[in-house]
Amino acid sequence: MRTFFPSDSCKESQLNAINPQSWLQVERGKLSKLSSSHTNSSSIESFIKVPEPPILPFFKPIDYVEVLAQIHEEMESCSPQERSTLYLLQFQIFRGLGETKLMRRSLRSAWQRARTVREKLVFGAWLRYEKQGEELIADLLATCNKCAQEFGPVDVSHLQVEVNGCSKETVVMNGDKSLKNVNFKIGDEIIVCDRQKIASLSAPFHAMLNGYFTESSSEDIDLSENNISPLGMRTIGEFSITGSLSEVHPDLLLEILVFSNKFCCERLKDACDRKLASLVCTKDDAVEFMEYAIEQNSPVLAASCLQVFLHELPDCLNDERVVEIFSHADRQQRSIMVGQASFSLYCLLSEVAMNLDPRSDKTVCFLEQLIESAETDREKLLAFHQLGCVRLLRKEYDEAEGLFEKAVSLGHVYSIAGLARLGYIKGHKLCSYEKLSSVISSVNPLGWMYQERSLYCEGDKRSEDLEKATKLDPTLTYPYMYRAASLMMKQTVQAALAEINRVLGFKLALECMELRFCLYLAIEDYKAAIRDVQAILTLSPDYRMFEGRVAASHLRTLVREHVGSWTTADCWMQLYDRWSSVDDIGSLSVIYQMLESGGAKGVLYFRQSLLLL
């Protein structure tokens, strides 16, 4: 997962404990030699610090099999309109499991079964976001007519909008039948229109021209006070005859759109709506037109603007104008923008915002909108839990507690971990321990329960809980990291390395490789250290170590000075040896170094892709 979601306590403890400047002379660009005094336990403890596991903003049910089976059963009996929402819920469950491939499969299924254009927009944008960096592959597939359709734009003109015609039968005819035309006076100009054609545009016009109003027997009608220009009225007259809008300037279209709304000209409004939608090309266009779309209740124009915003994710969320539109939309405005796909839209926006900065105000705003959009209990518990996690990060503890309690009341047991963490922060360690013990005794226990409870006890009890956590869920990285760090404190280096290697043998977790990098630095094994940091940079080129204090690329530069340089032949030999011994991390490291030195990049990228698969 791209998302890195550390807890507040994790952030504080690591920033206070780790001071990379003690061993890195960053200013001079040199790596200080670890003196013999650095091998004592207290120095190692300050150097190798394991952060507490974060409270993850995921839906984590007690029984995954039961919930997935229930969703599958609901899919077989639900209406087609509800199916894409169920696939979104399935996606959230797989996300909690960390199953990236299954997540994408669920998203794609939601996109394929979307019944509305706006659902297509949201799920297509979500798939593009998940596949960032794969645009070149899509372009290649397009050359052989096999392009994944979710990468392409959606034709919003297919959006179905109910257009009500004029109900002539409800209006008593009383107009002068001899009057074929009507002259609309606007300022000093007279615009001649076909009387019955104009009357057919809407019930108000029909009543005005054929009913008991004074205008029904008048040939001249003054429209000067109705905010329509002579050119606009001429265009409306032409539309009443032809039923279509020719080439019209966007400003004039907006003028006609407002006029058509005022006089309930549904066909004219729909034509303006679709014409304006075809003119939205850039983000600036979308920002400008979205305001009119919301004010004038123009769903096709709104969908076109939404498509532009979503196509530019995540960059568009750095534009305050876009954030303002999404953050402050009320229920009616959300309906105009995205119809029934409001929950799906804010699920996507919340995830993107959390990946950018989980502590930001826009993340909070999107999650608050997600809560307002939620309809079912499962949707509500997910929204409450996610906002609780963000409030926890922002140190808004009272608000976080209320949100976690709401999620628990709706059946999300994992949110109890959030309540326990809050209790611990407030100094109620024993209460947090008892809270987790109560959960463990009342349900079929899961690994995360023992892992969380281990934070609130010491010594043998903590070790026992972490062992149980690993037994129940071997994919949890914190127990391995804690045990490895504890062994390092006892200066049993090989045992510490063996422990962290247990998890790295089947899971390339960046935090585990960072810890092993620190272990190798502590024993001055720079060859092994540079192997790990180069593998880290392969998986995440912008990765920062020591809780964001130092760029991994900077550390690589410093450590590399202590490692002999390899020739191209050496690199190929090293790659062959590591490939033969199925050393994935070592192979990734060698390929990274070869790419840096300008080797045969096509072959190297191909080998890298095989490893990453």
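Start by selecting Glu524, which lies in the loop between helix 27 (510-522) and helix 28 (526-539); helices here are DSSP runs of H or I with at least four residues, strands are E runs of at least two, and both are numbered from the N terminus. Its phi is near 60 degrees, a positive value in a residue other than glycine. Glu524 is partly exposed, with a relative accessible area of 31%; buried means under 20%, exposed over 50% and partly exposed in between, with a 1.4 Å probe and protein chains only.

Before moving on, note that this is a predicted model, where local features need pLDDT of at least 70, side-chain atom pairs count only at pLDDT 80 or more, and totals for chains, interfaces and linings use all residues. Residues are numbered from 1 along each chain as its sequence is written, and side-chain values use heavy atoms, leaving out hydrogens and water.

Next, go to Asn227, in the loop between strand 5 and helix 10. Phi is positive here too, near 55 degrees in a residue other than glycine, and Asn227 is exposed at 66% relative accessible area.

Now show the open sheet of three strands, with order 4-3-5 and mixed pairing. Strand 4 and strand 5 (220-222) are at the edges with a single partner strand each, so one side of each has no neighbour in the sheet. Strand 3 (residues 181-186) runs antiparallel to strand 4 (residues 189-194), joined by six bridges; two strands count as paired if DSSP finds at least two bridges between them. The turn of this hairpin has two residues between the strands, and Gly187 there has a positive phi of about 65 degrees. On the other pairing, strand 3 and strand 5 are parallel over three bridges. Select Lys185 to see both: Lys185 stands opposite Ile190 in strand 4, and its bridge partner in strand 5 is Asp222.

Then colour the largest nonpolar core, which has 108 residues, with Met233 and Phe326 making the most contacts inside it. Such a core is a set of buried Ala, Val, Leu, Ile, Met, Phe, Trp, Tyr and Cys residues joined through side-chain atoms within 4.5 Å. Beyond neighbours within four places in sequence, Phe326 is in contact (heavy atoms within 4.5 Å) with residues including Leu306, Phe309, Tyr346 and Phe366. A second, separate core of 71 residues includes Ala420 and Tyr433.

Finish at Pro314, in the loop between helix 14 (299-311) and helix 15 (320-327). The peptide bond from Leu313 to Pro314 is cis, with omega near 0 degrees.
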